[in-house]
Amino acid sequence: MNIKILFSSLLFFLCIIKINAQVTLTIEDAMKIALENNFEIKIAKNNTQISETNVTIGNAGMLPVATASIVDNNSITNSSQTRQDGTSTSLDNAKNNSLNYGVTLGWTVFDGMKMFARLDQLKELQKLGDSQLKQTILVKIGQVNSSYYDLVLQQQQLSALDTTIVISKQRLTLAQNRFSIGKASKLEVLNAQVDLNSDQVALLRQKESYANAKILLNQYLARDPKIDFKVTDLVTVDSTLVLANLMDLAQKQNPALEAQIINKRIAELQLKQVKADRYPVVNLTSGYNFSESQSSLGFTSSASSKGLNYGFNATLNIFDGFNQHRNEKVAKLQIENSQIAIEQQNMILNTQLSTAFQTYLTNLELIDLEEDNEAIAKQNLDITLDKFKIGTITTIDFRTAQLNYVNAKVRYSNAQYEAKLSEIALKELAGTINF
């Protein structure tokens with residue numbers, strides 16, 4: 001019986017350990033999971049594969065096209081014929097059959113170089129797909145980073161509230177002890193209890209925010225929202241970013257700008273294809289056909305033929321109602337629009353980088369300032385707590401020092417979080433987020 005009790009206790013203990021044990025999710029692990037699981041990244045990857053699959057010389061129209069066909073017609077009719085010599089014949093349920101089958105081959109050997117421009121365009125569309133995939137990955141990895149460090153912030157604030165509850169409980173205990181020996185009034189105990197209750201309410205709200213932040217991060221990672229984990233408490237901000245370097249990198253790596261440059265190249269290749277319509281189109285044709293027919297009534301009861309045919313045809317657009325001129329003008333305007341879009345994207349990119357970098361610098365300064373404020377607030381709280389224990393300071397002063405310390409910790413966490421967000425935004429714009 002004792003063995004059973006011991007075994008049950010051991011199982012219960014192991015279950016408690018399993019429940020309390022939480023896997024620590026690092027930012028590197030989070031990004032890896034997102035790259036593997038995120039739905040939008042998966043769709044973008046498939047679209048990239050579609051673009052890659054489309055880059056073939058056959059899709060560009062460079063290869064011949066061979067087709068096979070067979071036609072078998074049968075009929076049963078009541079027929080009558082009257083010849084010029086006056087004789088006539090008739091036949092009921094006359095059967096007729098016609099069978100044709102063969103293979104034909106067509107090959108466009110010249111179309112004004114349109115097929116080569118089309119192949120180059122397919123290659124540029126593949127590059128555009130790669131750029132769009134990179135843009136999707138950067139956005140999603142940016143979201144994962146932001147959500148992860150928001151969870152770090154919520155975790156730090158949770159820890160700050162845990163600390164203030166410990167202090168509030170100490171204060172309540174001291175107030176009760178002082179009341180029991182007649183050195184404090186009942187009002188002091190009640191105030192301490194009210195403040196403790198307020199701190200516990202704030203803790204419950206913070207736990208709710210922490211749990212919701214976990215659910216949101218699980219959503220970005222495309223996994224079960226019930227998966228529990230914890231994150232690291234450390235927020236490391238890269239303080240070495242330089243605006244000029246970021247702008248240079250953005251010119252080379254920003255996927256939105258890269259996409260506009262590719263769109264211009266696609267528009268130029270579209271103009272080449274339109275201009276190709278000014279030239280003749282030459283097609284080679286060939287085929288092998290077999291034909292057989294049978295008739296129950298008529299001069300010929302059966303006939304058959306088979307053989308090879310070949311040749312070529314050429315067409316040239318001489319006049320199409322000025323549509324060729326119109327199409328070329330539209331294609332040139334599209335090239336002009338794509339150049340304007342590049343210039344616009346450049347301006348937007350530089351503006352975003354400049355404003356984000358200014359925010360980044362401000363947040364770096366705030367980190368240093370709030371770190372000092374937290375240290376001062378902690379020192380002030382320690383002194384206040386010592387004075388409160390010996391009864392040389394009021395409960396209001398003690399509560400003020402306590403709240404100042406908690407607020408300082410929260411502001412310091414917020415400063416780190418905001419600086420990290422600025423860093424992520426800058427790296428996303430420059431296309432340099434590590435993933």
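Analyst: Contact means that heavy atoms lie within 4.5 Å of each other. This is a predicted model, in which local features need pLDDT of at least 70 and side-chain atom pairs count only at pLDDT 80 or more, while totals for chains, interfaces and linings use all residues. Residues are numbered from 1 along each chain as its sequence is written, and side-chain values use heavy atoms, with hydrogens and water left out.

User: With which residues is Asp199 in contact, leaving aside its neighbours within four places in sequence?

Analyst: Asp199 is placed in helix 5, where a helix is a DSSP run of H or I with at least four residues, a strand is a run of E with at least two, and both are numbered from the N terminus. Its sequence neighbours within four places are set aside. The contacts of Asp199 are then Thr164, Ile165, Ser168, Arg399 and Gln402.

User: Does Asp199 count as buried or exposed?

Analyst: Relative accessible area decides the matter, found with a 1.4 Å probe on protein chains only: under 20% is buried, over 50% is exposed, and values in between are partly exposed. Asp199 has a relative accessibility of 5%. This value falls under the 20% limit, so Asp199 counts as buried.

User: What is the volume of the largest pocket?

Analyst: A pocket is an open set of points on a 1 Å grid over the protein atoms alone, where a 1.4 Å probe fits and protein lies on both sides within 12 Å along at least five of seven lines. Grid points are joined across faces, edges and corners, and the volume is the space filled by probe spheres set on the points. For the largest pocket, this volume is about 380 Å³.

User: Which helix gives the most to the lining of the largest pocket?

Analyst: Lining residues have an atom within 4 Å of a point, and the largest pocket has 17 of them, with Ile27, Met31, Asn145, Tyr149 and Lys420 nearest its centre. Helix 2 (27-37), helix 4 (114-180) and helix 9 (395-430) each supply at least two residues of this lining. The greatest contribution, four residues, comes from helix 9.

User: How many charged residues are in the lining of the second largest pocket?

Analyst: The second largest pocket has a volume of about 200 Å³, and its lining includes Gln155, Asp233, Glu374, Lys409 and Ser413. By class, Ala, Val, Leu, Ile, Met, Phe, Trp, Tyr, Cys and Pro are nonpolar, Asp, Glu, Lys and Arg are charged, and the others, Gly among them, are polar. Helix 9 supplies four residues, the largest share of this lining. Beside three nonpolar and five polar residues, the number of charged residues is three.

User: What is the relative accessible area of Ser413?

Analyst: Ser413 belongs to the lining of the second largest pocket and is placed in helix 9. Not counting residues up to four places away in sequence, Ser413 touches Leu153 and Gln156. Ser413 is buried, and its relative accessible area is 8%.

User: How are helix 7 and helix 8 placed, roughly parallel or antiparallel to each other?

Analyst: Axes are lines fitted to C-alpha atoms, for helices over the stretch in contact, and angles run from 0 to 180 degrees between N-to-C directions. Helix 7 (residues 255-275) and helix 8 (residues 323-389) pack at about 170°, with their axes 9 Å apart. Angles under 35 degrees count as roughly parallel and those over 145 as roughly antiparallel. Helix 7 and helix 8 are therefore roughly antiparallel.

User: How many charged residues has the contact of helix 3 with helix 4?

Analyst: Helix 3 (residues 39-53) packs against helix 4 at an angle of about 170°, with their axes 8 Å apart. That makes the two helices roughly antiparallel. Their contact includes Glu40 and Lys45 of helix 3 and Asp130 and Lys140 of helix 4. Five of its residues are nonpolar and five are polar, and the number of charged residues is five.

User: What is the relative accessible area of Phe322?

Analyst: Phe322 lies in the loop between strand 6 (302-315) and helix 8. Its phi is near 65°, a positive value in a residue other than glycine. Phe322 is exposed, with a relative accessible area of 61%.

User: What separates the C-alpha atoms of Val282 and Gln294?

Analyst: Val282 is placed in strand 5 (residues 281-295) and is partly exposed, at 22% relative accessible area. Residues touched by Val282 include Trp107, Phe110 and Asn313. Gln294 is twelve residues from Val282 along the chain, and their C-alpha atoms are separated by 38 Å.

Key. Parallel < 35°, antiparallel > 145°, perpendicular 65-115°, else oblique.
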